[in-house]
Amino acid sequence: MDNLPEERRQTKDLWVYLMRGLAIGGWLLFILAFAVAYYAAPEAQYGMYRYHGIEVRKFWLVPLTGYLYVVLWSSALSSYLCLFIDKYRSRRKSDNKHFNLILLMLISISWISYILIDVKA
């Protein structure tokens, strides 16, 4: 443990605070996307609904789906910008790799792809 390199950074600069803000904002947008998707997605058709003859919506709500696209693209863009800033700011091997932001960007883009395929069908 004593052979760790000496930390020479004096204080955290503006870029660190910007990256943290973008990361937190991206995750908050992703959580907001869950709420929007709950109302935009088709409803589940349970057996009890069919038995009682209750109508169930089987299509995506187009206006809410537009909001969902914007929220998901904003989340993916936020994580991409954070990764972009980190690429040019970090210089040490011991700096954080930000796997959570890579995961956030991949999940957001794959969710957008799923919605595009499912809405068109």
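**View A. Cover over the buried residues of helix α3.** In this predicted model, α1 and α4 are among the elements that cover the buried residues of α3; contact means heavy atoms within 4.5 Å. Those buried residues are Thr65, Leu68, Val71, Leu72, Ser75, Ala76, Ser78, Ser79, Cys82, Leu83, Ile85 and Asp86. Buried denotes under 20% relative accessible area, exposed over 50%, and partly exposed the range in between (1.4 Å probe, protein chains only). An α-helix has 3.6 residues a turn, so residues three or four places apart point the same way. Helix α3 comprises 28 residues and spans 40 Å from its first C-alpha to its last, close to the 40 Å expected at 1.5 Å a residue; the expected span is 1.5 Å times one less than the number of residues.

**View B. The largest nonpolar core.** This core has 14 residues, and those with the most contacts inside it are Phe30, Ala33, Trp60, Leu68, Leu72, Trp111 and Ile115. Helices α1 (14-40), α3 (62-89) and α4 (99-120) each supply at least two of its residues, with α1 giving the most, 5 residues. A nonpolar core is a set of buried Ala, Val, Leu, Ile, Met, Phe, Trp, Tyr and Cys residues joined through side-chain atoms within 4.5 Å. Apart from it lies another core of 9 residues, including Leu22, Ala76, Cys82 and Met105.

**View C. Surroundings of Ile115.** Residues up to four places away in sequence being left out, Ile115 touches Trp60, Thr65, Leu68, Tyr69 and Leu72.

**View D. A nonpolar surface patch around Tyr49.** Tyr46, Met48, Tyr49, Tyr51 and Ile54 form a nonpolar surface patch of about 620 Å². Patches consist of residues with over 30% relative accessible area and no salt bridge, like charges being joined within 9 Å and nonpolar side chains (Val, Leu, Ile, Met, Phe, Trp, Tyr) within 5 Å. A salt bridge is a side-chain nitrogen of Lys or Arg within 4 Å of a carboxyl oxygen of Asp or Glu. Areas follow the Shrake-Rupley method with a 1.4 Å probe, and for residues only the protein chains shown count as cover. Tyr49 lies in helix α2 (residues 47-52) and counts as partly exposed because its relative accessibility is 33%.

**View E. The chain as context.** The protein chain contains 4 helices and 0 strands; helices (H or I, at least four residues) and strands (E, at least two) are DSSP runs, numbered from the N terminus. Of its 121 residues, 29% are buried.

**Basis.** Residues are numbered from 1 along each chain as its sequence is written, and side-chain values use heavy atoms, without hydrogens and water. Local features need pLDDT of at least 70 and side-chain atom pairs count only at pLDDT 80 or more, whereas totals for chains, interfaces and linings use all residues.
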